[in-house]
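Student: I have this structure open and would like to know what lies behind the terms used for it. Can we go through them one at a time?

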Amino acid sequence: MSLPTAELGTTGMELTRVGFGAWAIGGGDWAASWGPQDDDESVAAIRHAIASGINWIDTAAVYGLGHSEEVVGRALASIPEAERPYVFTKCGLVWDDADRSARPRRVMEPAVVRRDVETSLRRLGVERIDLYQVHWPAEDGTPLEEYWQVMVDLRTEGKVRAVGLSNHDVDQLQAAEKIGHVDSLQPPFSAVKRAAARELAWCHENGTGVIVYSPMQSGLLTGAFTAERVASLPADDWRRSGPEFTTNLDRNLALSDALEPIAQRHGVTRGAVAVAWTLAWPGVTGAIVGARRPEQIDGWIAANDLELTADDLGEIEEAIIRTGAGEGPTRP
């Protein structure tokens with residue numbers, strides 16, 4: 001299938017407006033897991049996404065402590081290289097195999113980054129990573145200028161095609177840009193989490209592509225959640241203790257309900273409306289949407305070419321204000 005695309009900044013990569021997010025397929029038994037997963041179903045979901053026209057996958061070394069990259073590599077192995085989607089991954093989180101439940105450390109020491117890119121290439125089974133991203137600002141004392149330089153060097157050397165930052169603010173983007181162009185930013189962004197609007201504007205002005213993550217707020221804006229379902233999540237699912245699923249749950253579910261009339265008018269799901277809302281913001285190239293089973297993709301792929309009207313955006317803005325969900329600007 002052929003889906004509408006947009007260029008990722010100045011990279012020359014034309015991306016479908018939605019991409020496959022591989023966080024959840026990392027499986028259980030680690031600090032930020034979504035509970036146990038079926039690898040065969042995960043592979044089937046990736047292949048279904050590709051068959052449906054999606055042309056990029058976003059993963060990270062830390063997802064499942066290496067397992068997500070391995071599953072992505074397994075899914076890609078039988079696909080001819082010329083037909084493979086773009087593959088994006090991230091570095092900068094180091095874990096302890098002896099204590100999988102411990103929070104990974106944010107380490108961006110250049111030698112560690114160079115080691116990790118080789119490990120990711122091996123797990124993914126690719127010769128070059130299309131987009132290599134710093135997962136979080138370093139906490140090990142490595143200055144941004146130092147770790148961004150090694151990322152730019154990897155791009156120059158051809159180990160990676162493009163380099164980006166995830167979860168970095170405007171000041172950090174500006175500092176990195178002085179060293180070498182920031183090809184992309186990956187911020188959290190949804191109708192609930194809107195604080196990254198300032199970063200979106202900076203990227204729009206500076207030729208930096210944006211791929212937002214959690215546009216459906218980890219499932220809260222799909223219509224599939226209730227308080228009872230949250231309570232029944234596996235013990236190792238991070239959402240059981242996340243504030244959007246606990247303290248703020250009622251407001252977020254009320255906002256989700258407000259998306260239903262818009263979804264019905266367009267003949268799509270609430271999830272597709274939630275994703276399309278993020279794609280309506282200037283500067284946003286695409287949205288990362290997770291799936292663990294093939295049928296989940298069918299629920300949100302319509303967002304790829306769904307254009308919300310001014311009335312739709314106004315209705316969502318009114319619902320955000322009325323429910324008190326989230327913080328930040330309320331309309332593109």
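Tutor: A search of the whole structure finds 7 aromatic pairs; rings of Phe, Tyr and Trp (its six-membered ring) pair if their centres lie within 6.5 Å. This is a predicted model, where local features need pLDDT of at least 70 and side-chain atom pairs count only at pLDDT 80 or more, while totals for chains, interfaces and linings use all residues. Residues are numbered from 1 along each chain as its sequence is written, and side-chain values use heavy atoms, with hydrogens and water left out.

Student: Why is the pair of Phe-189 and Trp-277 called stacked?

Tutor: Planes under 30 degrees apart count as stacked, over 60 as edge-to-face and the rest as tilted. Phe-189 and Trp-277 have 20° between the planes and 5.7 Å centre to centre, so the pair is stacked.

Student: What makes this pair tie together parts that are apart in sequence?

Tutor: Phe-189 lies in the loop between β10 (184–186) and α6 (197–206) and Trp-277 in helix α9 (residues 270–279), so the parts tied together are 88 residues apart in sequence. Helices (H or I, at least four residues) and strands (E, at least two) are DSSP runs, numbered from the N terminus.

Student: Why is strand β8 described as largely enclosed?

Tutor: Buried means under 20% relative accessible area, exposed over 50%, partly exposed in between (1.4 Å probe, protein chains only). In strand β8 (residues 129–134), 6 of the 6 residues are buried, so the rest of the structure largely encloses it.
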